[in-house]
Amino acid sequence: MSSQLMMLAIVPGLLIILYVYRKDKVEKEPRRLIVKLLIFGALSCIPAVIAEMYVDDHFISYDSQLSWALSNAFICAALCEELSKFALLYLGSWRNRNFDYRFDGIVYGVSVAVGFALLENILYVADGGLETALVRAVLAVPLHAFCGVFMGIFYGAMMKHHIDGNTGGKMKCLAGALLVPIMIHGIYDTFAFMGDGISTILLLAFVALMYIVAIRYVNKFSREDWNAGFYRLSRDNSDAANSSIIIQCPACGCYLRLPSGAGKVIVTCTRCRNKFESFS
């Protein structure tokens, strides 16, 4: 594969990561963690492929085009891939001390999803060439990111319930973190596998809708994140919140959390690395 095709295979996913990363306004996640989750996402392709091979041999229906498309989309592709991505997301981030704000779940979910999409995209583009690269750049790669957004929304809420000791809420969010991405992925693949004119129109309309919905949710959770900390050092959010203050970097506007009562401190912004004095 030429270097130009390799760039076309990689750049769409990296642009998505950059967009979501810039939307993380409070205590931006370490870049090493983002790279780690990208790698974990790529590694999630391995169990996904193994599971898909087994499911294809035992559970896919070939009675009609529709039954094949539905079973292949939901059971083989969506179920196996989203379960694999969630497993690697959990392994790579659940116990990480940086997971302390709601939007972090979206950053982590999208990072793993894009890691999966990058490896998959390289393989498809190597086989299909320029046309495949261009089509997948606006359809398949964003599809994985959409799934990552909604997986991350529920994953963040799952951590909140875990810290609060709400097992029922945690289990509901676990179900949402799996079922919603599976539904999005399954609907997309069903239209793609059908391959006729009407299905193609429905596919494009569905992707356009998902662009709108996913971007709105990313913007909404980004705006609200400064007041949505988990404060994981304490099960009592109010006590932990009272022991912290939120400040804003004067250079880039990033929100940062400081322990209260520390007095005069030198703060280094996690986004732009600007150093400035503050009081807490």
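Phe86 and Tyr155 are both buried, where buried means under 20% relative accessible area, exposed over 50% and partly exposed anything in between, with a 1.4 Å probe and protein chains only. Before going further, note that this is a predicted model, in which local features need pLDDT of at least 70, side-chain atom pairs count only at pLDDT 80 or more, and totals for chains, interfaces and linings use all residues. Residues are numbered from 1 along each chain as its sequence is written, and side-chain values use heavy atoms, with hydrogens and water left out.

A pair of aromatic rings is described by the distance of the centres and the angle of the planes. Here, rings of Phe, Tyr and Trp (its six-membered ring) pair if their centres lie within 6.5 Å; planes under 30 degrees apart count as stacked, over 60 as edge-to-face and the rest as tilted. That rule gives 13 aromatic pairs.

| Pair | Centre to centre | Angle between planes | Type |
|---|---|---|---|
| Phe86 and Tyr90 | 6.5 Å | 35° | tilted |
| Phe86 and Tyr155 | 5.9 Å | 85° | edge-to-face |

Phe86 is buried at a relative accessible area of 9%, while Tyr90 is partly exposed at 32%. Phe86 and Tyr90 are four residues apart in helix α4 (residues 65–93), so about one helical turn separates them. Helices, by the way, are DSSP runs of H or I with at least four residues, strands are runs of E with at least two, and both are numbered from the N terminus.

Leu5 sits in helix α1 (residues 3–23), and its 18% relative accessibility makes it buried. Leaving aside neighbours within four places in sequence, Leu5 is in contact (heavy atoms within 4.5 Å) with Val125, Gly129, Leu130 and Ala133. From Leu5 to Leu130 the C-alpha distance is 6.6 Å, across 125 residues of sequence.

Thr190 belongs to helix α8 (residues 167–194) and is buried too, with a relative accessible area of 8%. With neighbours within four places set aside again, Thr190 is in contact with Ala69, Leu70, Ala73 and Phe74.

**The whole chain**

Zooming out, the protein has ten helices and four strands, in the sequence order α-α-α-α-α-α-α-α-α-α-β-β-β-β. Its radius of gyration is 20 Å, close to the 19 Å that the globule rule gives for 280 residues, so the protein is as compact as a globular protein of that length. That radius is taken over C-alpha atoms, and the rule is 2.2 Å times the number of residues to the power 0.38. Along the principal axes, the C-alpha trace spans about 70 × 45 × 30 Å.

Buried residues make up 46% of the 280 residues. Of the contacts with a separation of 6 or more, 68% are between residues 24 or more positions apart. The accessible surface is about 13800 Å², and 65% of that belongs to carbon and sulfur atoms; the areas come from the Shrake-Rupley method with a 1.4 Å probe, and for residues only the protein chains shown count as cover.
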